[in-house]
Amino acid sequence: MSILLDADTTFIVQGITGREAVNLTRECLDYGAGAKVVGGVTPGRRGRDVHGVPVFDTVEQAVEHHGGPIDGSVVTVPPAFTKDAVFEAIENGVKLVVIVTERIPRADVAQMVELATMRGARIIGPNCLGIIVPDVIKMGGIGGPAKDAAKSYTPGPVGVMSRSGGMTTEISSTLSAAGLGQSTAVSIGGDAIIGSAYAELMPLFEADEQTEAIVIYTEPGGRMEAQLARWVRDNDSRLPIVAFMAGRFMDEMPGMSFGHAGTIVEGKEDTATEKIARLKDAGITVAEEISEIPDLVKARLAEKTTA
């Protein structure tokens with residue numbers, strides 16, 4: 001099993017004729033059994049195709065051509081147009097929206113998340129690389145070209161969530177090298193406001209029979225780790241969790257930025273030190289180095305089996 005995606009998931013690519021989207025579409029089509037990319041949307045480009053995927057002016061036209069609801073959309077349009085593209089997808093019945101675009105105004109993201117909540121849809125991102133179910137399907141640029149993604153991601157029992165797109169692959173590759181495959185890996189996004197944080201994805205992993213453990217990659221800034229720790233305690237999670245906290249140096253260097261927009265430290269609770277303490281208090285194991293993660297996962301799984 002998996003979360004969010006399976007072999008039958010259909011999706012479109014909004015902004016499909018852009019350079020990044022053209023490459024992304026090829027990667028998704030080539031990976032696993034081949035993603036079911038049923039259309040692309042770029043206003044004014046109807047009638048064209050990208051790697052055999054038909055292009056439409058609107059999401060409504062793509063849905064009509066498909067002959068029924070479309071499960072998902074990968075949004076790659078520029079920041080100024082992202083909110084309109086996401087609203088269009090959701091209002092046309094799309095239930096899973098992966099937003100690759102970064103530097104979207106916070107107010108726009110907040111409105112997109114609010115509409116998704118109202119319509120029963122889910123947003124992954126923004127500023128993310130997407131979702132992958134190893135050897136089955138990927139939605140977004142996660143893992144890069146299909147041949148590279150196939151080297152890094154292998155099927156198995158570990159769910160992966162990461163605020164960094166590149167580190168989603170790094171963590172998964174490290175696990176794979178140690179014989180620990182992944183059930184689903186999700187690049188959740190590095191912005192201050194995102195559609196699905198760790199705690200919001202945990203119920204899906206919790207219900208997934210294939211998933212036996214979770215690995216998260218996290219950073220200073222924001223309240224996602226506090227939410228995760230609270231969720232784990234409140235729900236008595238069955239899943240052992242191993243976390244890696246990047247950017248610890250920021251605690252000793254006030255004012256230092258750390259790449260992602262979401263890493264702005266607005267108070268003591270946002271610091272790496274405080275987050276690590278909160279995670280540990282919830283029973284989450286925190287790795288000192290990425291190389292330690294596989295052994296820590298194996299140890300936690302062994303404890304679970306013994307118990």
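Me: So, E225 and R163: buried or exposed?

Reply: Both are buried. Keep in mind that this is a predicted model.

Me: Okay, and how far apart are the closest N and O atoms of E225 and R163?

Reply: They're 3.2 Å apart, and the two residues form a salt bridge. E225 lies in helix α8 and R163 in the loop between β10 and α6, so the pair ties together parts that are 62 residues apart in sequence. There's also a network here: salt bridges with shared partners join R163, E219, E225 and K275.

Me: How many salt bridges are there in the whole structure?

Reply: A search finds 8. One of them pairs K138 with E27, at 3.1 Å from N to O. K138 sits in strand β9 and E27 in helix α1, so this pair links parts 111 residues apart in sequence.

Me: And D30 with R26, what separates those in helix α1?

Reply: About one helical turn, because they're 4 residues apart in that helix. Their side chains meet in a salt bridge at 2.9 Å, N to O. D30 is partly exposed, at 41% relative accessible area, and R26 is partly exposed too, at 32%.

Me: Switching topic: at what angle do α3 and α4 cross?

Reply: Roughly 5 degrees, with their axes coming within 10 Å. Angles under 35 degrees count as roughly parallel, so α3 and α4 are roughly parallel to each other.

Me: Last one: which residues have the most contacts inside the largest nonpolar core?

Reply: F11, M161 and L228, in a core of 50 residues. A second, separate core has 24 residues, including A146 and L301.

Technical notes:
Residues are numbered from 1 along each chain as its sequence is written. This is a predicted model: local features need pLDDT of at least 70, side-chain atom pairs count only at pLDDT 80 or more; totals for chains, interfaces and linings use all residues. Side-chain values use heavy atoms; hydrogens and water are left out. Axes are lines fitted to C-alpha atoms, for helices over the stretch in contact, and angles run from 0 to 180 degrees between N-to-C directions. Helices (H or I, at least four residues) and strands (E, at least two) are DSSP runs, numbered from the N terminus. Angles under 35 degrees count as roughly parallel, over 145 as roughly antiparallel, 65 to 115 as roughly perpendicular and the rest as oblique. A nonpolar core is a set of buried Ala, Val, Leu, Ile, Met, Phe, Trp, Tyr and Cys residues joined through side-chain atoms within 4.5 Å. Buried means under 20% relative accessible area, exposed over 50%, partly exposed in between (1.4 Å probe, protein chains only). A salt bridge is a side-chain nitrogen of Lys or Arg within 4 Å of a carboxyl oxygen of Asp or Glu.
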